[in-house]
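Please examine the sheet and the helix packing in the model shown here. The briefing is arranged by topic.

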Amino acid sequence: MPAPMGDEMRLWQVRNPGPLSQTLTLTTAPSPSRDVEKGKVLVEIAVVGLNPADYKLAEAGFVARLQLPFPKTLGTDFSGRAIAVGSDITDIKPGDNVFGRMFPFNSAGSLSEYVIASYDDVAVISETVTLEQAAGAPTVAQTAYQTLAPVVKAGDKVFINGGSGGAGTFCIQIAKALGCHVTVSCSTTKVALCQELGVDEVMDYKKTDILAALQSGGNKYAVAIDNVGNLNLFGSADKFLLPGGLFRLVGAPSSLSTAWNLGYNLLSSKYLPAFLNGNKNTFNAYVTKNSHEDLAQVATLMAEGKVRTVVDSVFPFSEVLKACQRLGTGSSTGKVSVHRCPFTAFTAFTAFTVFTVFTAFTAFTAFTAFTAFTAFTAFTAFTVFTAFTVFTAFTVFTAFTVFTVFTAQQF
Ligand SMILES: NC(=O)c1ccc[n+]([C@@H]2O[C@H](COP(=O)([O-])OP(=O)(O)OC[C@H]3O[C@@H](n4cnc5c(N)ncnc54)[C@H](OP(=O)(O)O)[C@@H]3O)[C@@H](O)[C@H]2O)c1
């Protein structure tokens, strides 16, 4: 049951580009109207899954000014409950659990109590999937789905650079769900997680030179997905991709060398002939698109238990800055999320449930102990009393008999 909507809602905004520690503020704004337009869904937010772009874009100085409207409400991914739905939408109903992704370059963001999402931004998620699981998926699961599903077939070998973050953990699971053979790179402490998610081969980048290992392994991968962008792997793709293979750059540091490599790789993939060091493979810098159909596919995979969100850490709504700082370390294992629920009905419900279960348990234990104790006491008393009575009766009877016999003999 959603909490009643007040006239105002809380939201986390940045008024100007710059470090979040100086710009991020918790503020209020009028709550959206329940009369939503066609093609829109009003959602009460429960959990927000964070993505590196949430803080990177807002901190990007003058570049941020070119890309984002300010003030900007942070956050893209969310899960929650549909409150009102445009009259033309038939597959989402008020009361449904939903998950989705706000368009990152709009002023509205998901670190807010309510959002109005477009139909393409949102889909229903099964109640068997927790809202925390759902909130971690929209950007990274759509990225993994969109970069892999249209281009791989069962049996293809796929290489994923960076398997342990939000994007990597979904790439592994979706590639496996599509029947691929998956090799990933990750650091030593995350090898076990990647194996648990189903990878076939792991390269530990702390112990192995990834570029050398790829070059010496031969041309075997149909697709490579790069979530890290640290090594300009595409420059050597002719040595590890199958002829005509596809290299997709998903993530990379914001730097001049990244920009240079990006430009050069596009040029060498599309226009440079082999004798001018042109690359025979296709290079693609991928940008995730919001798609209702793709979200619905992800929802199905999650409901079927084929993919799940690996949760790195969870923060309350009051600690968004700490959550962004955790993600900003660049070494999270899966997703960092922010719960809005602890401040609303969810807290009350959880507290009530814990209290009820605890009280019921205590009462039951006390009652059982008391009953057992009473039963034990009664049983003991009964046994002692019976034994005593029997013993006394027997003694009296024996004494009486002996006395009678003895007395009879006397006469
Ligand atoms: N193009 C798009 O539309 C799109 C969509 C989603 C994400 N992205 C981008 O993709 C990147 C990854 O996103 P994310 O959400 O997965 O980030 P994340 O959750 O912060 O994950 C970062 C992961 O990268 C691993 N890592 C760091 N250096 C590595 C290396 N040298 N080799 C292998 N793994 C390494 C880290 O593990 P260790 O600590 O063990 O190193 C960590 O698990 C970001 O740049 C993000 O902005 C782009």
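Predicted model: local features only at pLDDT ≥ 70, side-chain atom pairs only at ≥ 80, totals over all residues.

Residue numbers start from 1 along each chain as its sequence is written.

**Sheet**
- Six strands form an open sheet in the order β11-β10-β9-β12-β13-β14, with parallel pairing; strands are DSSP runs of E with at least two residues, and helices are runs of H or I with at least four, numbered from the N terminus.
- β11 and β14 (282-285) are the edge strands, each with a single partner strand, so one side of each has no neighbour in the sheet.
- From one strand to the next, the twist averages 15 degrees.

**Strand pairings** (pairing requires at least two DSSP bridges between two strands)
- β9 (residues 157-161) pairs with β10 in the parallel sense over five bridges, and N161 stands opposite S185 in β10.
- β10 (residues 181-186) and β11 (residues 201-204) run parallel and are joined by four bridges; C186 has D204 of β11 as its bridge partner.

**Helix contact**
- Helices α5 (residues 138-148) and α6 (residues 166-177) pack at an angle of about 45 degrees, their axes 8 Å apart; axes are lines fitted to C-alpha atoms, for helices over the stretch in contact, and angles run from 0 to 180 degrees between N-to-C directions.
- Residues making the contact include V140 and L148 of α5 and F170 and I174 of α6, where contact means C-beta atoms, placed from the backbone, within 7 Å.

Technical notes
Contact = placed C-beta atoms within 7 Å.
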